Amino acid sequence: MDSPTSETTPPPAPVTGPFVGAIDEGTTSARFIIFRAGTDEIVCYHQIEVESIFQKEGWCEQDPMAIVNTVNECIAGACMKLVAVGGKVEDIITIGITNQRESTVVWDRISGQPLVNAIIWLDNRTTSTVEELLETIPNNARNINYLRPLCGLPLSPYFSGVKLRWLRDNVPVVSQAMEKGTAMFGTIDTWLMYNLTGGKEGGVHKTDVTNASRTMLMNIETLQWDPNLLKFFGLPKSILPEICSSAEFYGNIAQGVLKGISISSDLGDQQAALVGQQCLSKGQAKATYGTGCFLLYNTGPSIVHSQHGLLTTVGYQLGRKATPFYALEGSVSIAGAAFNWLRDNMNIIQNSGQIEAMASTVDNSLDVYFVPAFNGLYAPYWNQDARGVICGLSEETTSEHIVRATLEAVCFQVRDILDSMHKDCKIPLAKLMVDGGMTVNNLFLQLQSDLVGIQVLRAKIAETTALGAAMAAYKAVEGRYSMEAPLSKSGPREAIKPSINSTERNLRYQKWKMAIERSLNWETSSLPQGEREAFDGA
Ligand SMILES: Nc1ncnc2c1ncn2[C@@H]1O[C@H](COP(=O)(O)OP(=O)(O)O)[C@@H](O)[C@H]1O
Ligand SMILES: O=P(O)(O)OC[C@H](O)CO
């Protein structure tokens, strides 16, 4: 006999297409998300963590085949869920790719197999490569900004060109393959796309302007590989992928559940979030808080060269003939990753679900300041010799204060970047769109608003990065997608306003700057003169 509820509640209607899929391959996890086409409505998704390998101090690698397998598992998992709710996989009209940027893969053209593990963007092994490259700059200038006019970036271990040069100099199997012309280079988008479209059996070798703009090898004006940059790094052009726009036909998927479906977009994850957040006009900015934190400010079609430590990067180019939009970027290498460290190395937390509750048990951080400069400091300092410090410890300090200071560290780093953006762009930012894994934390967003003194607007959906890739893919296929107003299933953005006064804010920021001073140039082979004498005399 039917229960009363089954008489009154009809079974849910099966979901109907068309759909657009997005692969989001982040540093911590990969996911495949299926959106209802032309909207921000998530129909289903599947997410799996990706393991990082730490072989030596400062090194961070991932297994390229594990990345491909994880993405394939995510695709299969999400498609199963789609079918379970009555949707049809053949109604996925196209997919897009978005990815952790700068991470570097080199593989063999004949076998299609990786020659080494992927060097992840966070990896710091190339500090000595940067030193060597600085020595080659004319007139003994040793200027980290020497290449900025060409590529918009300072010389730093962060970028793919430096990692590739390290591989050439240190891994014989890579240098030999480069010489023989059998090596292929790609960032994670390129590697995934090559595998999805057939691998050694005709897989495409392409990237997009946003990912290419993070290699130090692409000319920021021509959007092509630059012969002078290739000469500086001593790298052959034959290993590089073709640079395409962020929204166009890339190729068809060769096998698996999505066989025959096209790939129509490719964007670095931070640029995809800029699109997904609808920051499509000059002057709009967003911050994404994941493993790292990345603040991008849309500068429209103009290239703005930062005088204050920010990066000039391509924001997006939505179609072969579309005007490229540029962005100023402030990159913070350690944001959510600091909590992974508190969990895995310090045992202070067991999972990220505890962070907000723990930090809320105390009213403040009790004057504790944590600079998590594990692999140097990125924007605006670009100090590869900085290392982490925790200052202001007292007998009263508890784990809760340290957890709260870790949240505040991310907020202060964003203040550093906003101050630089203000100096570069002259106009102070009135509000900041935010997204990413850390933004589920309400206390964190309040602290962010308090410590920078502006309104923070939480994204309507958590998956803005994937949404940006899906929007770009749909635009490539349909052309008519209204980027300014996607059909939105969710309400207005939640606004968080500052709750402390500027005197308190500025006082706390001064303390942060003192903590920063203590972290800079820590990694040094020789002690400064005065300190060495004091030590010798002891
Ligand atoms: N409630 C939380 N509070 C603070 N940080 C969090 C919270 N939940 C997750 N995180 C952090 O967010 C990061 C994961 O965010 P995500 O956007 O998925 O990263 P990615 O795109 O880099 O893979 C992790 O480093 C984790 O420590
Ligand atoms: O993995 P995420 O989301 O922190 O992003 C990594 C960045 O793309 C690195 O530049």
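**Charges, rings and salt bridges**

Mentor: The charged end of Arg101 sits over the ring of Phe294, 5.1 Å from the centre of that ring, and, like everything we discuss here, this belongs to a predicted model.

Trainee: Which other rings are linked with Phe294 by ring pairs?

Mentor: Phe294 belongs to a cluster in which ring pairs also link Trp121, Tyr158, Phe159, Tyr378 and Trp382.

Trainee: How many aromatic pairs does a search of the whole structure find, and why is the pair of Trp341 and Phe370 called tilted?

Mentor: The search finds 21 aromatic pairs. The centres of the Trp341 and Phe370 rings are 5.7 Å apart with their planes at 40 degrees, and because planes under 30 degrees apart count as stacked and those over 60 as edge-to-face, the pair is tilted.

Trainee: How do you know that this pair of Trp341 and Phe370 ties together parts that are apart in sequence?

Mentor: Trp341 lies in helix 11, residues 337-344, whereas Phe370 lies in strand 17, residues 369-371, so the parts tied together are 29 residues apart in sequence.

Trainee: Are these two residues buried or exposed, or in between?

Mentor: Phe370 has a relative accessible area of 3%, which is under the 20% cut-off, so Phe370 is buried. Trp341 stands at 21%, and because this lies between 20% and 50%, Trp341 counts as partly exposed.

Trainee: What makes the pair of Phe412 and Tyr509 tilted?

Mentor: Their ring centres lie 6.4 Å apart, within the 6.5 Å needed for a pair, and their planes stand at 35 degrees, between 30 and 60, so the pair is tilted. Phe412 in helix 13 and Tyr509 in helix 16 are 97 residues apart, and Phe412, at 1% relative accessible area, is buried, while Tyr509, at 8%, counts as buried too.

Trainee: Why is the contact between Lys511 and Asp367 called a salt bridge?

Mentor: Side chains of opposite charge can pair when their charged atoms come close. The nitrogen and oxygen of Lys511 and Asp367 are 2.7 Å apart, which is within the 4 Å limit, so the contact qualifies. Lys511 lies in helix 16 and Asp367 in the loop between helix 12 and strand 17, so this bridge ties together parts 144 residues apart in sequence.

Trainee: How do you know that Arg387 and Glu523 form a salt bridge?

Mentor: The closest N and O atoms of Arg387 and Glu523 are 3.8 Å apart, and because the limit is 4 Å, the pair counts as a salt bridge. Arg387 is buried at 16%, whereas Glu523 is partly exposed at 41%. The structure holds 22 salt bridges, and Arg101, with which we began, is linked with Glu102, Arg214, Asp269 and Glu329 in a network of them.

Terms used
Residues are numbered from 1 along each chain as its sequence is written. Chains are lettered from A and ligands numbered from 1 in the order in which they are written. This is a predicted model: local features need pLDDT of at least 70, side-chain atom pairs count only at pLDDT 80 or more; totals for chains, interfaces and linings use all residues. Side-chain values use heavy atoms; hydrogens and water are left out. Rings of Phe, Tyr and Trp (its six-membered ring) pair if their centres lie within 6.5 Å; planes under 30 degrees apart count as stacked, over 60 as edge-to-face and the rest as tilted. Helices (H or I, at least four residues) and strands (E, at least two) are DSSP runs, numbered from the N terminus. Buried means under 20% relative accessible area, exposed over 50%, partly exposed in between (1.4 Å probe, protein chains only). A charge sits over a ring if NZ of Lys or CZ of Arg is within 6 Å of the ring centre and within 35 degrees of the ring normal. A salt bridge is a side-chain nitrogen of Lys or Arg within 4 Å of a carboxyl oxygen of Asp or Glu.
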